[in-house]
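Please read it alongside the sequence and the model.

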Amino acid sequence: MSAPTYHPSDGVHAGRLLKPEEAAERLNVSLRFIRRLCHERRLPYTKVGKFVRFDAEELEVWISAQRVEPPNGESGDARRRTS
């Protein structure tokens, strides 16, 4: 009897897994900042043995969730308003 064959599409996270360096490059931040976000559990990651990896799709969702919209749909800097 042979072991079942693993197919990437069988897994819940079938997307590409990024190394911390690749995640830092994608976010245009330092590797140290990525490590801090992981330590604070503010960034979703997966442990593969002793290695930390980031699902590319989850990272995109996380990036979208971090977007901050201006209040009341206003644009520009609120500090520069003239009354």
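Accessible areas here come from the Shrake-Rupley method with a 1.4 Å probe. On that basis the protein chain exposes about 7,200 Å², and carbon and sulfur atoms supply 51% of it. The model is predicted.

**Overall fold**

- Three helices and three strands make up the secondary structure of the protein chain.
- Along the sequence, these elements follow the pattern β-α-α-β-β-α.
- The protein chain has 83 residues, of which 17% are buried.
- Of the contacts between residues at least 6 apart in sequence, 50% join residues at least 24 apart.

**Nonpolar core**

- The largest nonpolar core has eleven residues: Leu18, Ala23, Ala24, Leu27, Ile34, Leu37, Cys38, Leu43, Phe54, Leu59 and Trp62.
- At least two residues of this core come from each of helix H1 (20-27), helix H2 (31-39) and H3.
- Ala24, one of the core residues, is in contact with Val29, Ser30, Leu31 and Ile34, leaving aside its neighbours within four places in sequence.

**Helix H2**

- Ile34, Leu37 and Cys38 are buried in H2.
- These three residues lie on the same side of H2, because they cover an arc of only 100° around the axis.
- An α-helix has 3.6 residues a turn, so residues three or four places apart point the same way.
- Arg32, Arg35 and His39 are exposed on the other side of H2.
- The partners against which the buried residues of H2 pack are H1, strand E3 (51-55) and H3.
- Arg41 follows H2 and has a positive phi, near 55°.

**Glu58 in helix H3**

- Helix H3 spans residues 56-65 and includes Glu58.
- Is Glu58 buried, partly exposed or exposed? Glu58 has a relative accessible area of 23%, and the range for partly exposed runs between the 20% limit for buried and the 50% limit for exposed, so Glu58 counts as partly exposed.
- Leu17 is 41 residues from Glu58 in sequence, and their C-alpha atoms are 9.8 Å apart in space.

Conventions. Residues numbered from 1 in each chain as written. Predicted model: local features only at pLDDT ≥ 70, side-chain atom pairs only at ≥ 80, totals over all residues. Heavy atoms only, no water. Helix = DSSP H or I, 4+ residues; strand = E, 2+ residues; numbered from the N terminus. Buried < 20%, exposed > 50% of the residue type's maximum accessible area, 1.4 Å probe, protein only. Core = buried A, V, L, I, M, F, W, Y, C linked by side-chain atoms within 4.5 Å. Contact = heavy atoms within 4.5 Å. Arc of directions from axis to C-beta.
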